[in-house]
Amino acid sequence: MTYLKQHVPGTVHVETLGCKLNLADSEILVNSFQKAGFKLAPPGSSPSIYILNTCTVTHVADRKARHLLRNVRKRYPDALIVATGCYAQRDKEALEDTGVVDIVAGNESKPRLVEIVRDTLGVGDDISTGAEHYPMRYPIPLRDASELSQARDVRSFLKIQEGCNDVCSYCIIPKVRGRSHHFSIKELVQQVQAKEAEGCREVVLTGTQLGDYGLERPGRTINNRPEGGQLVQLLQALLDETSVPRVRVSSLQPQDIDERLLELWSDPRMCQHFHMPLQSGNDEVLSSMRRRYTVEEFSSAVEAIRRHVPNVSITTDLIVGYPGETQEAFDESYRFCNEMHFAAIHLFPYSVREGTSAARIKEQVHDKIKRERMDTMLKLASESTSRFLNRMVGVSFPVLWEEQKTIEGGGSPRTAWSGLTDNYIRVYAHDTRDLRGHITYTRLVSVAANDFVWGEL
């Protein structure tokens, strides 16, 4: 494929699949390309460079990436198409075999992606602004004053840690993200300060295993983990040295929860939302998964959170049909999830990942049984979310307003503002003012669907 000089300086579009850590990486990629002189492709236009940041947590994620890339090639036949991320790291050949991708660059190549694209286009530093592009691990550079009003997001993802030292039997992520390593408190504070200057109102702390921040060693349990740890120090530094109105922690494990950590939530800037992956509500399955907690320890962590944080939402992940999961084990998981009153349950049918120990377990659950169990658990997940949202109706929460959206149904389409409460409820409200980036107390009025509520400012 020939890339013509008229495509340079290039317009770039970055699309993301998967987790919040991938979203953080995509933010970094956008900044690095902008700093190098590339422009973001305007909505609805044809980018000259399309980058897909892939996920590989399940075979469904792999299939979605391939399908998306083929469609992109049809939409943008002249674009330079780049696949990066976890799928590109795990199985480069599979993406190359699609015949539609020009560059496959895994996670380890992300910091050099600008350079790789330049080399492929044969332009070297021709389009550079003269400044070094933003490395993956250093603070985000401030944009020019003329660009500040065009800052894309009032919420921004901050990567504080990457990689994992755990060896969960089903998980391929340690092989595509590497061993646990973290970024210094000083540079993370600088990043948040830079995000603030660009108009960011909420930072979402992301990582593979946030509780391992500053603890680059394998294997911790609730009983042997040092209280607090460096994650507490980082959070305290962000509260002391920045003024961003909201700090959200994307995911924690039960073994990360202790009194010193929860005391930080007395500060109203800490968002009242905890995501704790359960994966199974049965101790035998948890042991086979090599998870580092029991059902009782998970329940104790939930109880401690609710004791410290009023109106908290607790969300979780659950794997259905893990190898060796009996009907009794599944029933126990169902009962436990029902008792926990989760605000949301994200469900994943077990997916064989070659290179993990679970893939070698002989007692694989039949696909038909897996689908039946998924249907049963999906119904519970919907009921659990509905119960939570209805309990919140009538309560006022601070809502960070992000954008206007068109709401269909109930007659002619109407425009409404969309925002998030601090406890992670999606809210829509009608208002004639420009609310973008503002945080207002909003009373939740009615549940419109299981994924949002209507509110009144």
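A disulfide is defined here as a pair of cysteine sulfur atoms within 2.5 Å. The model under discussion is predicted.

**Cysteines**

A search of the whole structure finds zero disulfides. Cysteine 55 takes part in no disulfide, and the nearest cysteine sulfur, that of cysteine 19, lies 6.4 Å away. For cysteine 168, the closest cysteine sulfur belongs to cysteine 171; the separation of 6.2 Å is too far for a bond, because a disulfide requires the two sulfur atoms to be within 2.5 Å. Cysteine 55 counts as buried because its relative accessibility is 13%, under the 20% limit. Cysteine 168 likewise counts as buried, at 13% relative accessibility.

| Cysteine 55 | Cysteine 19 | 6.4 Å |

**Barrel and helix**

Five strands close into a barrel with mixed pairing, in the order 14-15-16-18-17. From one strand to the next, the twist averages 45°. Helix 14, formed by residues 367-392, packs on the sheet. Its contacts are with strand 14 (396-407), strand 17 (439-449) and strand 18. The direction of helix 14 makes about 135° with that of strand 17.

Which residue in strand 18 stands opposite tyrosine 428? That position is held by tryptophan 454.

Technical notes. Residues numbered from 1 in each chain as written. Predicted model: local features only at pLDDT ≥ 70, side-chain atom pairs only at ≥ 80, totals over all residues. Heavy atoms only, no water. Pairing = 2+ DSSP bridges. Helix = DSSP H or I, 4+ residues; strand = E, 2+ residues; numbered from the N terminus. Axes fitted to C-alpha atoms, helices over the stretch in contact; angles between N-to-C directions. Contact = heavy atoms within 4.5 Å. Buried < 20%, exposed > 50% of the residue type's maximum accessible area, 1.4 Å probe, protein only.
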